[in-house]
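The stops below go from a pocket to the helices around it, and then to the chain as a whole.

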Amino acid sequence: MDMMEALIAGGWLMLPLLGCSLLATVIIIERLWTLRAGRIAPRGLGQEVCTLITRGQVNLYWLESHSPLGGVLAAGLRNARLGHEQVRARLTEAATAVIHDMERFLSPLGTIAAIAPLIGLLGTVVGMIEVFAVIVSAEGASRAGELAGGISQALVTTAAGLTVAIPALMFHRYFQRRVEDITVRMEEQAGQVVEFLAHYGEDLTLAERQEPARDAERVEADGRLAPEVKRP
């Protein structure tokens with residue numbers, strides 16, 4: 001039995017299962033691309049920000065565009081003059097928004113993992129009802145072969161539901177764990193910056209926007225212009 005025959009044999013309940021399968025596939029691919037630790041919370045960014053602070057200037061425009069973690073750290077640095085409690089509060093608020101974005105589409109994926117077996121079971125129950133309706137009819141005894149085939153076809157929806165649900169559940173748990181790991185990495189680097197600010201006794205200079213680039217000039221991470229490079 002090929003895929004097309006299975007879709008036909010399973011009846012109309014195979015259509016929602018097919019839709020769940022396509023939606024789960026799209027969500028899995030999108031989350032695999034989005035939930036990359038190097039994109040959200042690159043290693044060493046906290047230490048790099050501390051180094052820029054010691055130089056006397058941090059370019060918030062560069063930091064916000066660097067990564068979601070950079071946006072969290074930039075939100076905290078904007079409140080550095082208000083005290084460490086304000087810095088921690090702003091970091092927490094910004095991190096909550098990033099975590100919310102990381103958990104996007106995980107709830108629909110978990111829902112698919114939960115309802116796909118139920119849809120498959122419903123299809124099997126409906127199929128068995130039809131089979132037993134034939135058994136109790138006058139022609140049931142003479143159609144034993146068709147009844148056996150009908151039972152086999154009724155189980156197709158259960159198999160299809162489990163085929164959709166098992167990968168969806170596995171990836172749902174995997175993405176939940178990845179979100180937790182990235183969150184811990186963000187907390188470590190944010191705590192590193194907060195601890196550094198607590199012992200930093202000098203005034204903090206912040207650059208709020210990127211400087212307009214001139215001919216052959218660009219802005220470095222610390223807000224300074226890079227030296228001009230002569231082209232041949």
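By class, the lining of the second largest pocket holds 8 nonpolar, 4 polar and 2 charged residues; Ala, Val, Leu, Ile, Met, Phe, Trp, Tyr, Cys and Pro count as nonpolar, Asp, Glu, Lys and Arg as charged, and the others, Gly among them, as polar. This is a predicted model, in which local features need pLDDT of at least 70 and side-chain atom pairs count only at pLDDT 80 or more, while totals for chains, interfaces and linings use all residues. Residues are numbered from 1 along each chain as its sequence is written, and side-chain values use heavy atoms, with hydrogens and water left out.

**Stop 1: the pocket**

Select Leu91, Thr92, Ala95, Glu187 and Ala190, which lie nearest the centre of the second largest pocket among its 14 lining residues. Helix H6 (68-77), helix H7 (84-102) and helix H10 (156-198) are the elements that each give two or more residues to this lining. Helices (H or I, at least four residues) and strands (E, at least two) are DSSP runs, numbered from the N terminus. The volume of the pocket is about 250 Å³. A pocket is found on a 1 Å grid over the protein atoms alone, as an open set of points where a 1.4 Å probe fits, with protein on both sides within 12 Å along at least five of seven lines; lining residues have an atom within 4 Å of a point. Grid points are joined across faces, edges and corners, and the volume is the space filled by probe spheres set on the points.

**Stop 2**

Colour H6 next. Of its 10 residues, 8 are buried, so H6 is largely enclosed by the rest of the structure. Buried means under 20% relative accessible area, exposed over 50%, and partly exposed in between (1.4 Å probe, protein chains only). The buried set of H6 is Leu69, Gly70, Val72, Leu73, Ala74, Ala75, Gly76 and Leu77.

Ala89 belongs to helix H7 and counts as partly exposed, at 34% relative accessibility.

**Stop 3**

Show H7 with H10. Their axes come within 11 Å and cross at roughly 160 degrees, which makes H7 roughly antiparallel to H10. Axes are lines fitted to C-alpha atoms, for helices over the stretch in contact, and angles run from 0 to 180 degrees between N-to-C directions. Angles under 35 degrees count as roughly parallel, over 145 as roughly antiparallel, 65 to 115 as roughly perpendicular and the rest as oblique. The crossing of H7 and H10 is right-handed; a crossing is left-handed if the near helix is turned anticlockwise from the far one by less than a right angle, and right-handed if clockwise.

Pick Val156 in H10. Val156 is buried, at 14% relative accessibility, and its C-alpha atom is separated by 9.6 Å from that of Leu121.

**Stop 4: the loop and the whole chain**

Select Phe105, in the loop between H7 and H8. Its phi is near 70 degrees, a positive value in a residue other than glycine. Phe105 is partly exposed, at 37% relative accessibility.

Zoom out. The protein chain has 10 helices and 2 strands, in the order α-α-α-α-β-α-α-α-α-α-α-β along the sequence. Of its 232 residues, 37% are buried.
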